[in-house]
Amino acid sequence: MKSTYKKLLLLVLLIALVGSAGSFFAQYVLGLNPCPLCIFQRVAVMAVALFTIIALLFPLRFKLSRFISAVWVSLPALFGLGVALRQIYLQNLPADQVPACGPGLNFLSKTLPFTDFISTVLSGSGECAQVEKILWVPLPVWSLMLFSCILVLVWYGLFKSRHTHPYGY
């Protein structure tokens with residue numbers, strides 16, 4: 001049976017939903033409190049799921065609509081990938097170069113303008129450099145794999161659909 005673009009988008013949605021559920025499982029069952037960068041990655045995974053649902057609502061018969069949906073789903077995935085890479089970088093810094101822990105997200109969001117808030121959170125803090133592992137793999141590496149998988153599926157599906165079936169089904 002041939003893979004279709006819509007089926008691959010459904011797989012992307014499933015991966016994003018499992019990733020979201022996994023982040024809540026890690027927080028509420030395993031007791032791992034998310035740092036600000038982890039929260040941004042969680043939001044990116046949820047945005048991928050939401051954008052995928054929106055993309056699935058539109059007809060994917062035309063090459064342009066499939067391309068737009070690929071870009072649409074890729075934007076939050078690329079953002080999440082970048083945040084995961086930043087956190088991996090922070091976790092691999094020598095102990096004397098790790099930035100100091102800062103105030104919480106709630107305080108930052110109430111006291112800083114939006115652009116400064118985003119910039120401050122993305123620069124990272126000491127709590128983002130703490131390495132938490134699930135199955136011996138650091139959490140941002142799991143995020144990196146999730147976002148990479150989503151991006152590969154979305155773009156593989158787009159290019160595969162361009163060569164197999166004119167309507168992408």
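Helices, with at least four residues, and strands, with at least two, are taken here as DSSP runs and are numbered from the N terminus. On that basis the protein, which is a predicted model, has six helices and two strands. Followed along the sequence, these elements come in the pattern α-α-α-α-α-β-β-α.

**Overall picture**
- Of the 169 residues of the protein, 40% count as buried.
- Among contacts in the protein with a separation of 6 or more, 82% are accounted for by residues 24 or more positions apart.

**The pairing of α1 and α2**
- Two packed helices are described by the angle between their axes and the distance between the axes.
- For helix α1 (residues 5-28) and helix α2 (residues 36-57), the axes come within 9 Å and cross at roughly 150°.
- Angles over 145 degrees count as roughly antiparallel, and α1 and α2 are therefore roughly antiparallel to each other.
- The crossing of these two helices, α1 and α2, is left-handed.
- The residues of α1 that meet α2 include Leu9, Leu13, Ala16, Leu17 and Phe24, while those on the α2 side include Val45, Val48, Ala49, Thr52 and Leu56.
- Sorted by class, the contact of α1 with α2 has 14 nonpolar, five polar and two charged residues.

**The nonpolar cores**
- The largest nonpolar core has 25 residues, of which Leu9, Val48, Val73, Phe147, Ile150 and Val154 touch the most other members.
- Two or more residues of this core come from each of the elements α1, α2, α3 (63-91) and α6 (139-164).
- A second, separate core consists of 10 residues, among them Phe40, Leu90, Phe117 and Cys128.
- Once its neighbours within four places in sequence are left aside, leucine 9 is in contact with Thr52, Ala55, Leu56, Leu60, Ser69, Val73 and Val154.

**Phenylalanine 67**
- Apart from its neighbours within four places in sequence, phenylalanine 67 is in contact with Trp155 and Leu158.
- Phenylalanine 67 and phenylalanine 159 are 92 residues apart in sequence, and their C-alpha atoms are 9.2 Å apart in space.

Terms used. Residues numbered from 1 in each chain as written. Predicted model: local features only at pLDDT ≥ 70, side-chain atom pairs only at ≥ 80, totals over all residues. Heavy atoms only, no water. Axes fitted to C-alpha atoms, helices over the stretch in contact; angles between N-to-C directions. Parallel < 35°, antiparallel > 145°, perpendicular 65-115°, else oblique. Left-handed = near helix turned anticlockwise from the far one by under 90°. Contact = heavy atoms within 4.5 Å. Nonpolar A, V, L, I, M, F, W, Y, C, P; charged D, E, K, R; others polar. Core = buried A, V, L, I, M, F, W, Y, C linked by side-chain atoms within 4.5 Å. Buried < 20%, exposed > 50% of the residue type's maximum accessible area, 1.4 Å probe, protein only.
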